[in-house]
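We will go stop by stop, and each stop says what to pick.

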Amino acid sequence: MSAHAIEIAIVGAAGRMGTQLLQEAASLDTLKISAAIVAPQSAHIGQALGPEGIIATDDLDAIATVDVVIDFSSPDACARVAELAAGAGVAMVSGTTGLNAEQHRALDQAACSIPLLLAANFSVGVNLLAHLVELASRGFGKDADIEIFEAHHRRKVDAPSGTALMLGRAAARGRDWNLEDVATWAREGHTGPRDDDEIGFQVLRGADIVGEHTVYLCAAGERLELTHRATDRAIFARGALRAARWLAGKPAGRYQMRDLLFGDA
Ligand code: NAD
């Protein structure tokens, strides 16, 4: 363990992503997991989690003692963690998706006093994809109809995925649109013809799909399809741990993965 290892608390430590984070962090000597936080009443409380056997607790106050809290839990817990992290002056990385406007406001508020990075997707490939989507959307301009497809495992609880929304925002930015003004979330029945100013979303849920996203740019006589396929959840954990190392010591503010990848990293 490095003398300057960054201390981390993981919220949602017994979940799919929490398990991956504990696994990946064990092989890094630049980070030390000091707290593994699970849901209240969880059967995991008091159990040793991950290769390093961190004892699970449901006490969110444990985040006050670390340098960075990493949250992959639920929207309610994420907003609460942001509040506590801001109170304790602890940097926060979160991958939780499905936040409502009020929960986003809680994160904005926290980011006035701590560095906070929220990413709907921590894979380098998806963040590069968002960059390419914006370029393609700008390049085609009004000549292309844009549709976004996403597929995930059957236990995912929000739709469309946070990543599909992020790609939708990238496509909208390329046209100088607001996604909320042009999104078509579903189609059924007699829908009438497609509008020019529209970004459509399609969603598939099944078995153990880790995550697939395709942005279609359909022009007359040609079609560009930009696809990312995640086959291993470890990419998200590695990205979140990289974000935690990058964020520690940064000034207060709200950051995104593109700041890490294309900014002053
Ligand atoms: P999961 O259901 O397997 O795990 C979530 C865990 O959080 C559960 O164990 C749950 O008990 C726990 N939890 C709920 N409330 C809590 C609280 N108050 N305190 C502590 N723990 C609490 O889900 P998952 O697949 O690990 O995903 C978690 C979140 O991360 C989801 O929103 C998902 O969409 C998102 N996600 C993001 C990325 C990314 O790259 N950004 C990748 C995968 C998943």
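Which side chain makes a polar contact with the side chain of His213? Select Ser161: its side chain lies 2.8 Å from that of His213. A polar contact is a pair of N or O atoms within 3.5 Å; within protein, one must be able to donate a hydrogen and the other to accept it, and residues adjacent in sequence count only if both atoms are side-chain atoms.

Before moving on, note the ground rules. This is a predicted model, where local features need pLDDT of at least 70 and side-chain atom pairs count only at pLDDT 80 or more, while totals for chains, interfaces and linings use all residues. Residues are numbered from 1 along each chain as its sequence is written, and side-chain values use heavy atoms, with hydrogens and water left out.

**Stop 1**

His213 sits in strand 11. Helices (H or I, at least four residues) and strands (E, at least two) are DSSP runs, numbered from the N terminus. His213 is buried, at 2% relative accessible area. Buried means under 20% relative accessible area, exposed over 50%, and partly exposed in between (1.4 Å probe, protein chains only).

Now show what touches His213. Leaving aside neighbours within four places in sequence, its contacts include Leu129, Phe149, Glu150, His152, Leu167 and His228. Contact means heavy atoms within 4.5 Å.

Select His152 from that list. His152 belongs to strand 8 (residues 145-152). His152 is buried too, with a relative accessibility of 8%. Beyond four places in sequence, the contacts of His152 include Ser161, Leu204, Arg205, Ile209 and His213.

**Stop 2**

Select Ala159 and Pro160. The peptide bond between them is cis, with omega near -10°. Pro160 is in the loop between strand 8 and helix 5 (162-174).

Next, pick Ala207. Its phi is positive, about 40°, although Ala207 is not a glycine. Ala207 lies in the loop between strand 10 (199-205) and strand 11 (211-219).

Then pick Gln41. Its phi is near 65°, again positive in a residue other than glycine. Gln41 is in the loop between strand 2 and strand 3. Is Gln41 buried or exposed? Gln41 is exposed, with a relative accessible area of 78%.

**Stop 3**

Switch to cartoon. An open sheet of 8 strands runs in the order 3-4-2-1-5-6-7-13, with mixed pairing. Its edge strands are strand 3 (48-49) and strand 13 (253-255), each pairing on one side only. Two strands pair if DSSP finds at least two bridges between them.

Select Ala9. Its bridge partner in strand 2 is Ala35, and its bridge partner in strand 5 is Val69. Strand 1 (residues 6-11) runs parallel to strand 2 (residues 31-37), with 6 bridges. Strand 1 is also parallel to strand 5, with 4 bridges.

Move to strand 5 (residues 68-71). Val68 and Ile70 are buried on one side, Val69 and Asp71 on the other, so both faces are covered. In a regular strand the side chains alternate between the two faces of the sheet. Strand 5 also runs parallel to strand 6 (residues 91-94), joined by 4 bridges. There, Asp71 has Ser94 as its bridge partner.

**Stop 4: the ligand**

Of the 23 residues around the ligand, Arg16, Met17, Thr97, Ala119 and Phe122 come nearest. A residue is near a molecule if one of its heavy atoms lies within 4 Å of it.

A polar backbone atom of Arg16 is 2.9 Å from a ligand oxygen. A backbone N or O atom of Phe122 is 2.9 Å from an oxygen atom of the ligand. A backbone N or O atom of Ala119 is 2.9 Å from a nitrogen atom of the ligand. The protein covers 77% of the 860 Å² of accessible area that the ligand has on its own, by the Shrake-Rupley method with a 1.4 Å probe.

Colour the shell by type. It divides into 13 nonpolar, 8 polar and 2 charged residues. Ala, Val, Leu, Ile, Met, Phe, Trp, Tyr, Cys and Pro count as nonpolar, Asp, Glu, Lys and Arg as charged, and the others, Gly among them, as polar.

**Stop 5: Ala130**

Finish on Ala130, in helix 4 (residues 124-140). Ala130 is buried, at 8% relative accessible area. Past its neighbours within four places in sequence, Ala130 is in contact with Met166, Leu167 and Ala170.
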